[in-house]
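Please read this report with the sequence and the coordinates open beside it.

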Amino acid sequence: MQKISIKDLSDHVGKEVTLNGWLYNKRSGGKIKFLVLRDGTGYLQCVYFKGNVSDEIFEIADKIGQESSISVTGKVKEEKRAPGGFELDATGLKIISEAVDYPITPKEHGIEFLMDKRHLWLRSSKQVAILKIRHRIVKAVRDFFDENGFTLMDTPILTPAACEGTSTLFETDYFDLGKAYLTQSGQLYAEAGAMALGKVYTFGPTFRAEKSKTRRHLTEFWMVEPEVAFNNLNDNMDLAEEFLEYVVQTVLRDREEELKVIERNTDLLKNVKRPLPRISYDDAVEILKKKGIDFQYGNDLGGTDETVISNEFDKPVMVHRYPAEVKAFYMKRDPENPKLALAVDVLAPEGYGEIIGGSQREDDLNVLQERIKEHNLPMEAFEWYLDLRRFGSVPHSGFGMGLERTVGWICGLDHVRETIPFPRMIYRNTP
Ligand code: 4AD
Ligand code: MG
């Protein structure tokens, strides 16, 4: 007997097959039992008729608990009304391992309960769909850079210094060498890579000891960061919008079914095509004023401000040239107004806020040394980074896109905790 997956059923219509999986759900009439099997590739309704199967099998079908692992055998039938379009005229049923009193039932559960049972919650149809969309986003990210001349460069997780400010560093003892920190961003190393390879990207886990308890903040999240030698801020924005268009359009094309499962309205996602609107920080502040928001010029945009600004657009909006004071030490100042940094943030529509942050980098040795001092960062730890400005420095730019915020936006979720299999947040580090 051939072992097959639910997704391959169309090749087996009329044939007898065996499938392995878990019992998703069960319904019964008097002489008939409907067992819905799931195997990670889809769902299949298996129909057990009393009389078609032995009494023993019929009894098992009656008693077996949700999420028991089972093996079913039967003939594949086309059935337009069934989810997936097929049904199994079942003849056999074997229990691989019985599950009794599975804690997650079709009734509503509170979010904390579900988060405690995250290792099981992942099996539900909505979570499966989100994981599949996340995977497709990751692959689209890699495909985009791989096909556009970028070299993947993995950067270290244990690092000697801060990249994105010292207030969100996770610290650990590092043998006789003192302290090490979990990376906040692979950027500084990607810059070294760009000087070696021209165009690179790094894609890995990053860490922020964020004290923020918001729907956008994780303490461990994945970030993809391209870095390109000879790109200025405009080139950087061109790259960001081409990249976003590719990722979103690819997911819309390849994950239509999963987006339906999670009931995502995709109207605005379809708009994610070049060109994306570009506004300056000053323009953004004007919008806030017009909307009656009490905003102090010079501050960084907060989550609510970002929502108000992005609500003015039906596509992601790029906000560039922020006050240098609220941005990282490595950002180049605008030669036309040194109070501003050549930074860009991309704000997603529908209230999702910043999904991309990037900039042109300071490429002058002396200026960069000044910045490191101004930010009270340890100069010795940055000597290697300063070498990039000593030996063949060039203008260069890059950005970082947070994977979970992007998944949250594309899936239309109201919290990042459902965008990653096992989220790490200020108040949760289990399971
Ligand atoms: O704006 P950020 O801090 O930029 C950097 O780290 C740069 N070094 C990137 C670069 O230029 N190479 O972070 C970039 C993105 C944000 O736009 C957001 O999507 C995500 O990373 N991000 C977070 N996602 C979830 N939880 C957090 N605590 C996040 N902090 C940043
Ligand atoms: Mg940022």
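Predicted model: local features only at pLDDT ≥ 70, side-chain atom pairs only at ≥ 80, totals over all residues.

Residues are numbered from 1 along each chain as its sequence is written, chains are lettered from A and ligands numbered from 1 in the order in which they are written, and side-chain values use heavy atoms, with hydrogens and water left out.

## Overall chain

The protein chain has 13 helices and 17 strands, where helices (H or I, at least four residues) and strands (E, at least two) are DSSP runs numbered from the N terminus. Its C-alpha atoms fill a box of roughly 85 × 55 × 40 Å along the principal axes. Of the 431 residues in the protein chain, 53% are buried; buried means under 20% relative accessible area, exposed means over 50%, and partly exposed lies in between, with a 1.4 Å probe and protein chains only. The protein chain exposes about 20500 Å², of which carbon and sulfur atoms supply 49%; such areas come from the Shrake-Rupley method with a 1.4 Å probe, and for residues only the protein chains shown count as cover. Among contacts (heavy atoms within 4.5 Å) with a separation of 6 or more, 66% join residues 24 or more positions apart.

## Nonpolar cores

A nonpolar core is a set of buried Ala, Val, Leu, Ile, Met, Phe, Trp, Tyr and Cys residues joined through side-chain atoms within 4.5 Å. The largest one has 45 residues, and those with the most contacts inside it are Ile-137, Val-141, Phe-243, Leu-244, Trp-409 and Ile-410. Elements that each supply at least two residues of this core include helix H4 (125–147), helix H6 (233–254), strand E11 (220–229) and strand E17 (396–402), and the largest share, 10 residues, comes from H6. Leaving aside residues up to four places away in sequence, Phe-243 touches Val-141, Phe-144, Phe-145, Val-224, Phe-399 and Met-401. A second, separate core of 36 residues includes Leu-288, Val-317, Ala-324 and Tyr-330.

## Aromatic pairs

Rings of Phe, Tyr and Trp (its six-membered ring) pair if their centres lie within 6.5 Å, and planes under 30 degrees apart count as stacked, over 60 as edge-to-face and the rest as tilted. By this rule the count comes to 19 aromatic pairs. One of them is the tilted pair of Phe-144 and Tyr-246, with 5.7 Å centre to centre and 45 degrees between the planes. Because Phe-144 lies in helix H4 and Tyr-246 in helix H6, this pair ties together parts that are 102 residues apart in sequence. Phe-144 counts as buried at 3% relative accessibility, whereas Tyr-246 is partly exposed at 27%.

The rings of Tyr-281 and Tyr-322 have centres 5.6 Å apart and planes at 45 degrees, so this pair is tilted. Tyr-281 lies in helix H9 (residues 281–290) and Tyr-322 in strand E13 (residues 317–323), so that distant parts of the chain, 41 residues apart, are linked. Tyr-281 is buried at 0% relative accessibility, and Tyr-322 is buried with a relative accessible area of 0%. Elsewhere, ring pairs link Phe-144, Phe-145, Phe-150, Tyr-201, Phe-243, Tyr-246 and Phe-399 into a cluster.

| Residue and atom | Ligand 1 atom | Distance |
|---|---|---|
| Glu-164, polar side-chain atom | nitrogen | 2.6 Å |
| Gly-357, polar backbone atom | oxygen | 3.4 Å |
| Arg-361, polar side-chain atom | oxygen | 3.0 Å |

On its own, ligand 1 has 630 Å² of accessible area, and the protein covers 94% of this.

## Two single residues

Thr-214 is found in the loop between E10 and E11 and is partly exposed, with a relative accessible area of 31%. The side chain of Thr-214 makes a polar contact of 2.6 Å with the side chain of His-217. The C-alpha atoms of Thr-214 and Met-425 are separated by 9.4 Å, although these residues are 211 residues apart along the chain.

Glu-245 lies in helix H6 and counts as buried at 17% relative accessibility. Not counting residues up to four places away in sequence, Glu-245 touches Val-272, Lys-273 and Arg-274.

Definitions and conventions
Polar contact = N/O pair within 3.5 Å; in protein donor to acceptor, adjacent residues only side chain to side chain.
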